[in-house]
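Work through the exercises below with the structure open. Each one is followed by a worked solution.

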Amino acid sequence: MSADTNTAVPALSRGAVADIWPAQADGQLRVNRRTEGRLCSMSATEIDLALHTPPSRAFPSALIGLPGGADGRSRCAGIEITDHYTTDDGRARITGRFAGRIHDVVSSQWLLPDFDPTTMAYRLPVDPAVMRTWQAAKIYEPVLLDRVAGCPRCGCVPTFRSGCGRCRSGRTDPIKLIHHYACAHVGSVKEYEAEGSLICPKCRTRDPMVGTDYEYLTTHRCRDCGWEESQLASVGHCLACDERFAGNAAQQIVLVGYRRCVDRLDPLAHVTES
Amino acid sequence: MLTDWIHWLTSLSLETHFWLLSLLLLADVVRYALSYTLMAVYDAARAFTRRIRPNRRTLNRPYIPSVCVIMSGHNEESGVVATLASVWGSYPNLKIIVVDDGSTDQTAARTAQFTADRNADVRLLRKPARGGKASSYNFAMRYADADIVITIDCDSTLAPGAIYRIVQPFRDPRVGVVSGNVEVRRPMTNTLTWMQAHEYLLGISVGRRLSSLLGTMVVASGAFAAFRREAVNRVGGWDVGPGEDSDITLRLRKAGHRIMFAPRATCLTDVPTTWGRFFRQRCRWNRSQVRELSRKHLDLAYPTTHFFRWTNLLMMVDVWVFQVLRLYAILLYLGWVIIHPTPHTWSTLVYVYLMYILVSAYGGLLILGYCDNRRKHLRVCAACVLIPFYHFVRRLICAFSMTGEVLFRRSYHDAFYPRRVRAATWRW
Ligand SMILES: [Zn+2]
Ligand SMILES: [Zn+2]
Ligand SMILES: [Zn+2]
């Protein structure tokens, strides 16, 4: 095997030490069963590795890390195992194809949650449980993207409205009240309206002037339960599960994306070597 | 010097003693020391008979009317949660209405937070600009659907069981207002609060027992008072103050209701901690008292009115003689002593001061005799050596503000109510 002349992609010599994380078909890494092996051969589509210790069980796919990444870190690729075999000198070998779920995942630099309008929720392209194993293997690192309000029952993204603080109905009407300064009476405008003009029901003052004699106060009355208060409450309604809840009862959903923190191994760059 | 003084003292005739102590004997001893003692003896006798022959009828029947607490606060973010915490859960099916009187701070937000955290039955009403306590209470009354309405200041907290105790006198359908027992929350903050604590204990905890017994209560302090809702609605709610608490008490008195005192319904309140604030508070109180009792509600003393009762007249006489007349008499006495200096002026003043201390110390004994927590109140009672001085300063403030109110009606310039309300309201 001749030395690679491409400076951008450092050479991979035969016998380079490879990290191997056995994985399940869904992409979940077996972090605690990580093993090491030596590179025997590699083409644009296939790789052949000799394992230092024979695996206790065969695995369908794996993530491999080979040296030569930036800052001396490894470069990663996903493979589907096509063959497990033992050589004449008793060493376990695997042959894999650069394809499958692991290969797909590791090829993207960013894994970001997407809003799904049918379920009204944010979803990562990879199962979070799977993602935790990738994080444990230090292949991906979490990045805080945002915090959004979620339904306290199902965690979906709810809608919000100003509504009744008691029954959480959105059907409220503003009520205008008059505060007559002189006698401190507070009553609804209707109570003041008499004989075609404004008359204070407490002190019988006729035609007071707004601003100098009285001011308006406002409340909101609920059409459904009759509750009346100065401020409407923030009310959440989940379109996914139909739950209504107080605005401050919404759960906080932390949106986390993942960034690959190692380089990707590009087998095509080594095509000339084979 | 001490021997000189004792020599001078022993040389005085009985008649001179009487003249030197005339004010003390006529006012403090007769009106306060003696009457309180008689009341204490009466109460002791009653407690004794009740112990040997308990009144089963009232013991077995709990009286639990529906209660709504109304609070009004302007920029009270520091105290509102503590007040709510002491109120909420202290009485069955309690409703609370908080009126945010044009606050620019977190009063409303803290209240809303408390409501959400405790799932409390709190209704929050907001006024866009400060409009004063009276309109806040009237605003709240629109929503107070309970038999009894209780007002509590945002800088006060209730002792356990206070609400249950303050509503008990309403068993009697004639009772319209019940005053709670207001004590100083942190009496040992400084000398001023220490002396005020003594004044509150003697004047309210003991003093109102007597005026409640005689039916001569002037005011149910707004800091903690209970009202029969119907009665308040019938008199049209609160009028513009300052002094809206005594005003409504007196109007309910005119409407024929009884005013009672619930001595064991305790509310702890903050009092002014600096002399400047103390001065302003007392000016406000004294001015409104003059306005209520010498102008707006002077007719309580007229025997020709349909609402005339002897207790009303007794109350007016008590206030006029023992507060106003005595105040000016003390000033005259002092003025006379100062403009006629004799070699014995200082001896006289020391003698009179010592006698006042003696009376204050006796007041302390009465306080201790009536209170539940003697250890706590003993420290307050130790203030008796300063109490004559305190009352003297208080009377100077009183004379200043009362005279100002009589001559210039200063209460209409008090910033306790906003300018636009003061400008629109009537002047009595
Ligand atoms: Zn009016
Ligand atoms: Zn409602
Ligand atoms: Zn939901």
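**Exercise 1: the site of ligand 3**

The zinc ion (ligand 3) is coordinated by Cys151(A), Cys154(A), Cys238(A) and Cys241(A), each through SG, at 2.1 to 2.3 Å. The model is predicted. Determine the geometry of this site and place its donors in the chain.

*Solution.* 
- Take the angles among the 4 donor atoms: they run from 100 to 119°.
- Apply the cut-off: four donors count as tetrahedral if all angles lie between 85 and 135 degrees. The site of ligand 3 is therefore tetrahedral.
- Read the spacing along the chain: C-x2-C-x83-C-x2-C.
- Locate one pair. Cys151(A) lies in the loop between β10 (140-150) and β11 (159-163), and Cys241(A) in the loop between β18 (233-237) and β19 (244-246). The two are 90 residues apart.
- Check accessibility. Cys151(A) is buried because its relative accessibility is 0%. Cys241(A), at 21%, is partly exposed.

**Exercise 2: the site of ligand 1**

Which residues coordinate the zinc ion (ligand 1), and how are they spaced?

*Solution.* 
- List the donors: His180(A) through ND1, and Cys183(A), Cys200(A) and Cys203(A) through SG, at 1.9 to 2.3 Å.
- Write the spacing: H-x2-C-x16-C-x2-C.
- The 4 donor atoms subtend angles of 106 to 115°, so the arrangement is tetrahedral.

**Exercise 3: a surface patch**

Identify the residues of the nonpolar surface patch that includes Leu314(B).

*Solution.* 
- The members are Tyr42(B), Leu213(B), Leu214(B) and Leu314(B).
- Together they have about 370 Å² of accessible area.
- Leu314(B) sits in helix α13 (residues 310-339) of chain B. Its relative accessible area is 44%, so Leu314(B) is partly exposed.

Methods:
Residues are numbered from 1 along each chain as its sequence is written. Chains are lettered from A and ligands numbered from 1 in the order in which they are written. This is a predicted model: local features need pLDDT of at least 70, side-chain atom pairs count only at pLDDT 80 or more; totals for chains, interfaces and linings use all residues. Side-chain values use heavy atoms; hydrogens and water are left out. Donors are N, O and S atoms within 2.8 Å of the metal (3.2 Å for Na, K and Ca); water is not among the atoms, so sites may look incomplete. Four donors count as tetrahedral if all angles lie between 85 and 135 degrees; four count as square planar and six as octahedral if opposite donors are over 155 degrees apart and all others between 65 and 115; anything else is irregular. Patches are made of residues with over 30% relative accessible area and no salt bridge: like charges are joined within 9 Å, nonpolar side chains (Val, Leu, Ile, Met, Phe, Trp, Tyr) within 5 Å. Accessible areas come from the Shrake-Rupley method with a 1.4 Å probe; for residues, only the protein chains shown count as cover. A salt bridge is a side-chain nitrogen of Lys or Arg within 4 Å of a carboxyl oxygen of Asp or Glu. Helices (H or I, at least four residues) and strands (E, at least two) are DSSP runs, numbered from the N terminus. Buried means under 20% relative accessible area, exposed over 50%, partly exposed in between (1.4 Å probe, protein chains only).
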